Amino acid sequence: MTGAERSSLWAPVRGVCFDLGGTLVVTDTHPTTGQVAHVLGITLQEAREVMEAGAKRRRVTPADLATHLARDFGRPEAFEPLHRVLEGARTRAASPQLFPDALAALQLLRARGFALFAMTNSLGSSIPDQAPGFHALLDAVVYSADTGFCKPEKEAFAAVEAISGLEPHQLLHVGDSARADAAGAVAAGWHAAYLHRPEDTRLPQMADPPAVTIRTLRTLRHLLPARS
């Protein structure tokens with residue numbers, strides 16, 4: 001698909017929604033879920049399943065989540081290291097490092113008249129008390145811990161539709177997961193862009209059409225002209 005064809009495909013778009021970690025925000029070298037898995041002595045996949053079933057669907061303090069995890073896994077001695085991991089994650093979330101192309105992309109799309117959102121499957125314990133400065137460029141940040149739904153579930157995308165007042169075909173989602181972001185958006189009736197950065201050491205995933213694969217957020221300037 002040529003750039004012109006993509007631009008035409010996205011002509012109805014009035015709002016752009018971004019994933020946070022891996023898309024706008026540089027992910028931690030040692031992700032929180034991986035650290036939790038290490039402390040508890042479980043596999044990363046087990047930790048991911050536990051977090052998605054609970055901690056990503058409700059707000060919880062780092063202390064409460066550490067307490068629940070230590071209790072549920074029969075590891076009371078793990079409370080302190082778990083608490084440190086979770087508190088550290090929330091502290092870092094308050095001052096995130098943006099990718100070099102993120103701020104310029106948000107500023108440009110805002111200037112061109114697009115409504116802007118972010119949607120993330122974030123741990124409820126990692127949501128900072130004070131929103132980072134770049135959130136001022138967004139109309140809303142939608143956390144799975146507030147909606148109770150995680151991407152790629154259709155209800156997660158419906159939450160953004162409700163906040164934005166836009167129809168599915170008027171929304172574009174941009175994210176670095178072919179499954180949670182691209183496939184989830186397409187299933188919800190949205191437009192989708194799968195972002196796989198050149199520096200991403202993970203193997204690129206297959207993003208099925210009509211999702212579009214991009215390598216940088218700078219590409220959006222060519223595919224989303226100013227709204228008429």
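Which residues touch the most other members of the largest nonpolar core? The legends below begin with that view. The model is predicted: local features need pLDDT of at least 70 and side-chain atom pairs count only at pLDDT 80 or more, whereas totals for chains, interfaces and linings use all residues. Residues are numbered from 1 along each chain as its sequence is written, and side-chain values use heavy atoms, with hydrogens and water left out.

**View 1. The largest nonpolar core has 28 residues.** Val-16, Phe-18 and Leu-220 touch the most other members. A nonpolar core is a set of buried Ala, Val, Leu, Ile, Met, Phe, Trp, Tyr and Cys residues joined through side-chain atoms within 4.5 Å; buried means under 20% relative accessible area, exposed over 50%, and partly exposed in between (1.4 Å probe, protein chains only). Two or more residues each come from β1 (15-18), α6, β2, β4 (171-175), β5 (191-195), β6 (212-214) and α10 (220-223). Helices (H or I, at least four residues) and strands (E, at least two) are DSSP runs, numbered from the N terminus. Helix α6 gives the largest share, 4 residues. In soluble globular proteins, nonpolar side chains tend to be buried together.

**View 2. Leu-220 and its contacts.** Leaving aside neighbours within four places in sequence, Leu-220 is in contact (heavy atoms within 4.5 Å) with Trp-10, Phe-18, Leu-109, Leu-172, Val-174 and Ile-214. A second, separate core has 20 residues, including Ala-159, Trp-190, Ala-207 and Ala-211.

**View 3. Met-119 in strand β2.** Met-119 counts as buried, at 2% relative accessibility. Not counting residues up to four places away in sequence, Met-119 touches Cys-17, Phe-18, Asp-19, Leu-20, Val-142, Lys-151, Ala-156, Phe-157, Val-160 and His-173. The C-alpha atoms of Met-119 and Pro-152 are separated by 11 Å, and the two residues are 33 residues apart along the chain.

**View 4. The buried side of helix α2 (residues 32-40).** Thr-32, Thr-33, Val-36, Ala-37, Val-39 and Leu-40 are the buried residues of α2. They cover an arc of only 165° around the axis, which puts them on the same side of α2; the arc is that of the directions from the helix axis to the C-beta atoms. These buried residues pack against α3, α4 and α5 (79-94). Gly-41 follows α2 and has a positive phi, near 75°.

**View 5. The buried and exposed sides of helix α4.** Pro-62, Leu-65, Ala-66, Leu-69 and Ala-70 are the buried residues of α4. Seen down the axis, they fall within an arc of 130°, so they line one face of the helix. The elements covering them include α2, α3 and α5. On the other side of α4, Arg-71 and Asp-72 are exposed. Gly-74 follows α4 and has a positive phi, near 60°.

**View 6. The packing of α4 and α5.** The two helices pack at an angle of about 145°, with their axes 8 Å apart. Axes are lines fitted to C-alpha atoms, for helices over the stretch in contact, and angles run from 0 to 180 degrees between N-to-C directions. The crossing is right-handed; a crossing is left-handed if the near helix is turned anticlockwise from the far one by less than a right angle, and right-handed if clockwise. From α4, Pro-62, Ala-63, Leu-65, Ala-66, Thr-67, Leu-69 and Ala-70 meet Phe-79, Leu-82, His-83, Leu-86, Glu-87 and Arg-90 of α5.

**View 7. The salt bridge between Arg-57 and Glu-153.** Their side chains meet at 2.8 Å, N to O. Arg-57 lies in the loop between α3 (44-55) and α4 (62-72) and Glu-153 in the loop between α7 (144-147) and α8 (154-164), so the pair ties together parts that are 96 residues apart in sequence. Arg-57 is partly exposed, with a relative accessible area of 24%, and Glu-153 is partly exposed at 25% relative accessibility. A salt bridge is a side-chain nitrogen of Lys or Arg within 4 Å of a carboxyl oxygen of Asp or Glu. The whole structure has 9 salt bridges.

**View 8. The salt bridge between Arg-110 and Asp-139.** The N to O distance is 3.0 Å. Arg-110 is in helix α6 (residues 102-111) and Asp-139 in the loop between β2 (115-120) and β3 (140-143), 29 residues apart. Arg-110 is partly exposed at 29% relative accessibility, and Asp-139 is partly exposed at 45%.
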